[in-house]
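I opened this notebook to record what I looked up, one topic at a time. The structure I worked from is shown just below.

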Amino acid sequence: MSKQKTILFACGTGIATSTAVNVAVTEAMKKRGLTFNAQQAKATEVPGLADSVDFIVSTTPISASVTKPVIKGLAFLTGIGKDKVLDEIEAQLRK
Amino acid sequence: MSDGLMQLLDPEAIVLGSDASTNEEIIRILAGRLEALGYVKSSYADAVVRREMTIPTGLPLERADNVAVPHTDPEHVLKPGIAMGTLIKPVTFANMEDPDEKLPVGFVFLLAINDKDKQIEALQSVMATIQNPDALDGLRSARNLDDVRAVLG
């Protein structure tokens, strides 16, 4: 059993859309038998926090200086292309 | 419909068929309602308008009338609430994920949020409505509160 991974959920305020995405991903991954630690932050805080997490799911653009994988989370707000993004997240969690 | 969004929307903060022609205009109309109803401070409208310029909130739904969810930092919020506006003619918002892309927006949900742990349900209700094309079509043709209630339950 590998160590539980940490996902950093980011959005403009770190409180609105990142919360919605965090909840949607947590529920969907539970159905796939996967759990993870979740953190939330403003997009502007991500460069300072990225080192301590495994990857990032964000609804807004993230600074190119961040080297951890960044997965686009807008699909959880629009509903469009959600399954594909969930597959990406599952792949990162199973790494 | 079981979105339950109606329980979170203040009826006094619903504006149907606005003729606003810019995103700032509809944001200020809806923010004015939230301020008058005691949900937000007088600093809220400016804060939302300013934030929309740098961190936009348009959501691309592959429709002619997309959705935007403007909001700002909790310090401008007194208590949680949601205002909703529908537009006669879509106004332009930038795409949240790609600020260079402009989107025609026909529905605006203005969010006053100050505690993410307590407002998850509200956010989920808004998302469920956004992701339901029938609900959006129903809201577009809604002319009064009863019409809105019939759509959002």
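Before I traced any sheet I wrote down the rule I would need, namely that two strands pair if DSSP finds at least two bridges between them. I also noted that this is a predicted model, and I kept that in mind for every entry.

**Entry: the sheet of chain B**

I followed the strands of chain B and found an open sheet of five, in the order β1-β4-β5-β3-β2 and with mixed pairing. The edge strands are β1 (9-18) and β2 (58-59) of chain B, each of which pairs on one side only.

I then went through the pairs one by one. β2(B) and strand β3 (residues 66-68) of chain B pair in the antiparallel sense over two bridges, and the bridge partner of B:L59 in β3(B) is B:V67. B:V67 also has a bridge partner in β5(B), which is B:F107, and here β3(B) and β5(B) pair in the parallel sense over three bridges. Strand β4 (residues 81-94) of chain B pairs with β5(B) in the antiparallel sense over 10 bridges, and I found B:T92 standing opposite B:P104 in β5(B).

Is β5(B) mostly covered or mostly uncovered? I found it mostly covered, with nine of its 11 residues buried. I next looked at the largest nonpolar core, which has 71 residues, and saw that B:L34, B:F109 and B:L110 touch the most other members. Strand β5 (residues 102-112) of chain B gives the most to this core, with eight residues.

For B:L34 I left aside its neighbours within four places in sequence, and the residues still in contact with it include B:A13, B:Y44, B:A83 and B:L110.

**Entry: two loop residues compared**

Which of the loop residues I picked is buried, and why? B:V40 is found in the loop between α1 and α2 (44-54) of chain B, and it counts as buried because it has 27 C-beta neighbours inside 10 Å, where 20 or more are needed. Leaving aside neighbours within four places in sequence, I found B:V40 in contact with B:L34, B:H76 and B:A112, among others. From B:V40 to B:K89, 49 residues apart in sequence, the C-alpha atoms are 27 Å apart in space.

B:T22 is found in the loop between β1 and α1 (23-36) of chain B, and it counts as exposed because it has 11 C-beta neighbours inside 10 Å, where the limit is 12 or fewer. Its C-alpha atom is separated by 15 Å from that of B:R51, which is 29 residues apart from B:T22 along the chain.

**Entry: where the two chains meet**

I counted who takes part in the contact and found 21 residues from chain B and 15 residues from chain A. On the chain B side, helix α3 (residues 120-130) of chain B provides the largest share, five residues. The residues on that side divide into 12 nonpolar, four polar and five charged.

**Entry: chain A as a whole**

Chain A has four helices and four strands, which follow the pattern β-α-β-α-β-β-α-α along the sequence. Its radius of gyration is 12 Å, close to the 12 Å that the globule rule gives for 95 residues, so chain A is as compact as a globular protein of that length. Of these 95 residues, 37% count as buried.

Definitions and conventions. Residues numbered from 1 in each chain as written. Chains lettered and ligands numbered in written order. Predicted model: local features only at pLDDT ≥ 70, side-chain atom pairs only at ≥ 80, totals over all residues. Contact = placed C-beta atoms within 7 Å. Nonpolar A, V, L, I, M, F, W, Y, C, P; charged D, E, K, R; others polar. Core = buried A, V, L, I, M, F, W, Y, C linked by C-beta atoms within 7 Å. Rg over C-alpha atoms; globule rule 2.2 N^0.38 Å.
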